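User: Hi! I'm new to reading protein structures and would like to work through this one with you. Could you show it to me first?

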Amino acid sequence: MRLLFSIGAVLVAGVLAGGDVAGIAAPGPKLHQPQRQAADGDAQSVDVELILAVDVSYSMDMDELAIQREGYAQAIQSKEFLQALKVGPNGRIAVTYFEWAASSDQKIIIPWRLIDGPESADAVAGEIMKTPIRRASRTSISGAIGFAMPLFDEDPYHGIRRVIDISGDGPNNNGGPVTVARDAALEKGIVINGLPIMVKEPSYSTMDIDNLDYYYEDCVIGGPGSFVISIKDREKFKEAIRTKLLMEVAGRTPDRPVVHVAEKDKEPRVNCLIGEKIWSDRWGR
């Protein structure tokens, strides 16, 4: 399912009221209630351990990279985010932010940080904005997922949910197959959500593809309540990032969640090796 909607006060009101808003279902009692007593007695407990994995490949232009950085920083500082933070049983989350490109190119920008209110949110946003913007070659979503998984073991906090949040503007074209990395994460109980960036027309020079949102749905994301929010308008870039973070922090799920293609017994709508094929056809390797 592709989620294309606006947030604003309506979403926040729905999150705080616990109702269904814009196709997002409230988390059922099984998501939080069994852990509530344990969480209350553990100072290290958080509602979600959230890894933000952000694409910095050369197909992203400098303007997109700047907007992406600003989008995450502003979303974390927003009043809607801080209100959503209060919804969980612990009222706090743990977050780490890294940038990725090729299979061997991942750089942690924000190590694990606790966000439990305006002060800690401002500190994380400030760290994101002060880091120089960089670009790098190739696109390895599988490498990003593989890099992200062991980060949970290093997190000093203990989350009710573990989520990897992948944003990118193209298919995997480097490293191992993305489906293998995705399935390894799902076996560990990790949820993967996606933010496919589709603000430019596909071109030969950038290796973009049509229907990147379908690719993310069928080849990248997975786990209970996983979702994709597509960005097709540059002006909606920051809003989409904020919407995605609100859903993840508040534990919201799509009204019609994406079903893993293996569970549907159907072939992906997009070849999950399309990026590797394009790269091989052009450069013969």
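User: Is Trp112 buried or exposed?

Analyst: Keep in mind that this is a predicted model. Trp112 has a relative accessibility of 13%. Buried means under 20%, so Trp112 counts as buried.

User: Which residue forms an aromatic pair with Trp112, and where does that partner lie?

Analyst: The ring of Trp112 makes a tilted pair, with 6.1 Å centre to centre and 40° between the planes, and the partner is Phe152. At 1% relative accessibility, Phe152 counts as buried. Trp112 lies in strand E5, so the pair ties together parts that are 40 residues apart in sequence, with Phe152 in helix H7 (residues 151-154).

User: How are the planes of Phe98 and Phe147 arranged?

Analyst: A search of the whole structure finds four aromatic pairs, and Phe98 with Phe147 is one of them. Their centres are 4.8 Å apart, with 65° between the planes. An angle over 60 degrees counts as edge-to-face, so this pair is edge-to-face.

User: Which helix gives the largest share of the lining of the largest cavity?

Analyst: The largest cavity has a volume of about 40 Å³. Its lining has four nonpolar, one polar and three charged residues, including Val54, Glu99 and Ile133. The largest share, three residues, comes from helix H3 (residues 62-77).

How values were computed: Residues numbered from 1 in each chain as written. Predicted model: local features only at pLDDT ≥ 70, side-chain atom pairs only at ≥ 80, totals over all residues. Heavy atoms only, no water. 1 Å grid on protein atoms, 1.4 Å probe; cavity = no way out; pocket = protein on both sides within 12 Å on 5 of 7 lines; lining within 4 Å. Points joined across faces, edges and corners; volume = space filled by probe spheres on them. Helix = DSSP H or I, 4+ residues; strand = E, 2+ residues; numbered from the N terminus. Nonpolar A, V, L, I, M, F, W, Y, C, P; charged D, E, K, R; others polar. Phe/Tyr/Trp six-rings, centres within 6.5 Å; stacked < 30°, edge-to-face > 60°. Buried < 20%, exposed > 50% of the residue type's maximum accessible area, 1.4 Å probe, protein only.
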